[in-house]
Amino acid sequence: MIVRTVRGDIDPGELGPCDAHEHLFLVTPAQPGDEYSDLDRAIGEARTLVTAGARSLVDWTPIGLGRDLDGLRTVSERVGLHVVAATGLHRDVHYAADDPLRSERADALADRFTDELAKCGIIKLGAGYHRVTSFEQIAFAAGAAAHGRTGAPVCVHTEHGTMGLAIVEQLGGLGVQPSSIVLAHLDRNPDAGEHAEIAATGTWLQFDGPGRTKYWPDSTILRLIGDLAERGLGAQLLLGGDTGRRSMLRSYGGGPGMDYVFAQFKPRLERELGSELADQIFVANPARAFAFEPKT
C-alpha cells in the first residue's frame, strides 16, 4: 500500500498528522472575487500549517479550477509537507457553460483521470444539493472507471452534507467499494444519526467545519465527533480545514487561516475528547483512507 504524493509514493505511515481537505490554489467562476493562485502566498499559508503540527495535506482542487501540480510540488518541497493532489472534476456549478470539459465523454475523462493518477493521489468528484446533475453523473462514471484501473480513493464533495447514502449507492453501482470513498462536508448537515448510517456502509466521513463560526460553533463539530466515537465509528473520521476561499486565508488578509484546524481545533479536541481519538482522526485514519495498492 502507498500514498501517492506530488513528490512520489510514500509509505502510509510516513503521512503523519494530516489535514485531510485543503486547497492551496483555487480559481472558479462559482466564487468570483474569492479565487487565489499566488505561489508565494500558498507557501506562506502551508508553512503556518506545518508550524501548527501538520506533516501532510490532501489538496482537493481538481481539473479546470486553477489546480497547479508544479506549484503543489514547489510548496511541498519548500515547506517539507507531504501533499496529495487530485484529479477528477468538481460539481456542476464550478464550470462555465462554455467550458470544454462539458463536452467530454466519460471514457475520455476516465483516460485523462487515469493518466493524471501517475502524479495525483485521489479522484475528486462533486454532487449538487440533493441531486446529481447529468454533468456530475458523467464525472462519476469516469471517476469510478479510473478508480477501477488504479485503486485510487474517490473523494466526493457533498453540498451541505446531502446525498451521502445516495452517493455511496451510486458509486457502488459503478464498482467503487465504500471503503474507497471519502465524503466531504458531512458536518454541514449536523445529523449524527445520518452520519452513523453512512458510516455503517464502511465509507469515510470527512468533516471540515471548524472555524466557520458564522454558520456553527466548533462545539457542534465536537459533539458530532464525540457521538460517532461513542458509537464506535471514530476509525472512519477525517478532519480538514477546506480553506477554499481567498477570504479564509491569512496570506490574503482573511481568516481563520489554513492552520486553524491544527492550531485551534485539534488542541480543543484533545482536551475535550482525548488525545487518543485525536491521534486516530489526524494520523491513523488518513494513513488508511488515502492509501491504495496501485494497479498501474
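**A helix over the sheet**

I began with α7, which lies across β10 (204-207) and β11 and runs at about 160° to β10. Contact here means heavy atoms within 4.5 Å. For the angles, axes are lines fitted to C-alpha atoms, for helices over the stretch in contact, and the angles run from 0 to 180 degrees between N-to-C directions. The element names follow DSSP runs numbered from the N terminus, with helices as H or I of at least four residues and strands as E of at least two.

A note on the ground rules: this is a predicted model, where local features need pLDDT of at least 70, side-chain atom pairs count only at pLDDT 80 or more, and totals for chains, interfaces and linings use all residues. Residues are numbered from 1 along each chain as its sequence is written, and side-chain values use heavy atoms, with hydrogens and water left out.

**The sheet of 6 strands**

Next I traced the sheet under this heading. It is an open sheet of 6 strands in the order β6-β7-β8-β9-β10-β11, with parallel pairing. Two strands count as paired if DSSP finds at least two bridges between them. At the edges I found β6 (86-88) and β11 (237-239), each of which pairs on one side only. Neighbouring strands of this sheet are turned by 30° against each other on average, direction ignored.

I then went through some of the pairs. β6 pairs with β7 (residues 122-126) in the parallel sense over 3 bridges, and G88 has K124 in β7 as its bridge partner. β7 and β8 also run parallel, joined by 4 bridges, and L125 stands opposite V156 in β8.

Which way do the residues of β8 (residues 154-157) point? V154 and V156 point one way, C155 and H157 the other way, and all are buried. Buried means under 20% relative accessible area, exposed means over 50%, and partly exposed is in between, with a 1.4 Å probe and protein chains only.

**The sheet of 3 strands**

There is also an open sheet of 3 strands, ordered β3-β4-β5, with parallel pairing. β3 (18-22) and β5 (82-84) stand at its edges with a single partner strand each, so one side of each is left without a neighbour in the sheet. From one strand to the next, the twist averages 20°. I checked β3 against β4 (residues 56-59): they run parallel and are joined by 3 bridges. D19 has L57 in β4 as its bridge partner.

**Helix pairs**

Two packed helices are described by the angle between their axes and the distance between the axes, so I noted both for each pair.

I took α1 (residues 39-51) and α2 (residues 69-79) to start: they pack at an angle of about 45°, with their axes 9 Å apart. α1 and α2 are therefore oblique to each other; angles under 35 degrees count as roughly parallel, over 145 as roughly antiparallel, 65 to 115 as roughly perpendicular and the rest as oblique. α1 passes α2 in a right-handed crossing. A crossing is right-handed if the near helix is turned clockwise from the far one by less than a right angle, and left-handed if anticlockwise. L39, A42, I43, A46, R47 and V50 in α1 meet G71, T74, V75, R78 and V79 in α2. By class, this contact has 7 nonpolar, 2 polar and 2 charged residues. Here Ala, Val, Leu, Ile, Met, Phe, Trp, Tyr, Cys and Pro count as nonpolar, Asp, Glu, Lys and Arg as charged, and the others, Gly among them, as polar.

For α3 (residues 106-116) and α4 (residues 134-150), the axes come within 8 Å and cross at roughly 45°. α3 passes α4 in a right-handed crossing. The contact includes L109 and F113 of α3 and I138 and R149 of α4. Its residues divide into 10 nonpolar, 3 polar and 2 charged.

Back at α7 (residues 218-230), I looked at its packing with α6 (residues 192-199): the angle is about 45° and the axes are 10 Å apart. A192, H195 and A196 in α6 meet L224, D227 and L228 in α7. The contact has 4 nonpolar, 1 polar and 1 charged residues.

Leaving out residues up to four places away in sequence, L269 touches L222, I225, L239, G274, L277, A278, I281 and F282.
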